[in-house]
Amino acid sequence: MSKIFLSPPDICGNELSYVQKAFASNYVAPLGPMTQAFEQALSAYTKIPYCLALNSGTSALHLMLAHLKIQPGDVVLASDVTFIASASYAYHMGAELRWIDSDVATWNMDPQCLKKALEDCKKEKKLPKAVVVTDLYGQCADYDAIRSLCESDGIPMFVDACEALGATYKGHHAGSKGLGCAFSFNGNKIVTTSGGGALLSHDESLIQHARKLSTQAREDCPYYEHQEVGFNYRMSNICAAIGLGQLETLDKKLAKKRSIFEYYKTALVPLGERIHWMPKAPYGQPNHWLTVMQLNPKETAVTPDALLLAMEQNGIEGRRFWKPMHLQPVFRKCRYYGNEVGDSLFANGVCLPSGTSLTEDQLEQVVSVIRKILA
Ligand SMILES: Cc1ncc(COP(=O)(O)O)c(C=O)c1O
């Protein structure tokens with residue numbers, strides 16, 4: 001039996017022919033026509049007009065903070081329940097990170113906790129330089145509620161939509177309500193470029209500046225002139241060729257991700273209250289990047305580790321829920337605003353195989369292991 005992975009790449013369209021085209025043109029280089037075409041295709045899909053293709057989602061998150069000129073000691077507020085890359089560069093830049101818990105209804109940043117954090121910042125006369133909001137596991141955060149809290153004080157809201165390509169919020173694409181947003185195209189995302197990311201914004205000057213920073217901040221000048229120091233973050237023409245092919249099948253992949261979620265949900269109904277699923281927020285459509293389940297400790301003694309071990313023994317890869325940032329040893333001195341919602345999600349959560357190439361037989365194998373251990 002072949003191993004069932006969590007969310008492997010699904011190459012099922014024109015990727016190879018676009019890569020061959022890139023080779024034939026000899027643009028085996030950091031930039032080329034495919035990079036530009038990929039940026040245009042992403043903008044067209046998301047309806048966010050300005051796009052910068054990069055070598056990772058982490059680079060996109062960094063460039064946003066670099067554009068905002070975060071200085072040591074500046075306060076940055078960020079989702080507590082996320083992957084560390086949402087905030088790792090704020091840390092490297094010497095910012096003071098404060099974590100905002102999730103709410104039970106969406107598993108995303110709780111506007112009430114954010115409100116409390118902003119009140120404290122005001123009292124201390126230390127307004128945050130940015131609020132970084134994660135769209136967890138492919139479901140958008142409540143952008144309007146969060147933005148309205150930030151807007152009156154001119155605090156930029158930036159969306160880490162790395163997991164959420166294809167999700168929507170009130171009919172708008174994931175990330176589109178932020179000053180800018182980051183997407184990831186690493187190997188386990190719904191669209192992969194093998195490794196890559198993008199920064200998108202409605203603000204042309206932001207993307208222009210980020211573009212400059214992403215290519216060593218070289219001035220428009222016949223020789224190498226630098227008024228600021230940048231990075232080497234661009235997406236290569238070859239990676240973009242893969243991405244172009246991937247984007248063409250995004251709608252198909254979205255439908256498959258949703259059907260995977262529905263499959264698990266329906267097949268595991270007999271487990272009743274022993275498990276719960278990620279709640280669907282009323283304001284949008286998640287992309288179901290990963291199907292995530294919560295074990296209910298009041299109804300079962302099975303722990304996430306025990307379930308993951310049983311899966312592993314049957315050749316099935318799963319994953320624990322993100323460990324909240326305020327529980328990470330490296331951030332133990334950071335302030336936290338919350339009600340330990342993320343603690344409980346972490347304690348009980350399991351991510352199930354959700355790759356878009358999963359067959360019904362494979363889904364049934366996963367389901368039967370879960371049914372057996374939770375019976
Ligand atoms: C929420 C979140 N933020 C940031 C990243 C970083 O993206 P990348 O791996 O492309 O740097 C990821 C992807 O792993 C992610 O899931």
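1. Around the ligand there are 14 residues, of which Ser56, Gly57, Thr58, Cys162 and Ser184 come nearest; a residue is near a molecule if its C-beta atom, placed from the backbone, lies within 6 Å of it. The shell around the ligand holds three nonpolar, nine polar and two charged residues. Here Ala, Val, Leu, Ile, Met, Phe, Trp, Tyr, Cys and Pro count as nonpolar, Asp, Glu, Lys and Arg as charged, and the others, Gly among them, as polar.

2. The model is predicted: local features need pLDDT of at least 70, side-chain atom pairs count only at pLDDT 80 or more, and totals for chains, interfaces and linings use all residues. Residues are numbered from 1 along each chain as its sequence is written.

3. The chain is assigned domain 1 (15-248) and domain 2 (250-374), with bounds from an automatic or database domain assignment. Their C-alpha centres lie 25 Å apart. Domain 1 gives 38 residues to the contact and domain 2 gives 30 residues; two residues are in contact if their C-beta atoms, placed from the backbone, lie within 7 Å.

4. On the side of domain 1 that touches domain 2, β3 (96-100), α5 (111-123) and β6 (168-169) each supply at least two residues. Helices (H or I, at least four residues) and strands (E, at least two) are DSSP runs, numbered from the N terminus. The largest share, four residues, comes from β3. This side of domain 1 divides into 22 nonpolar, seven polar and nine charged residues.
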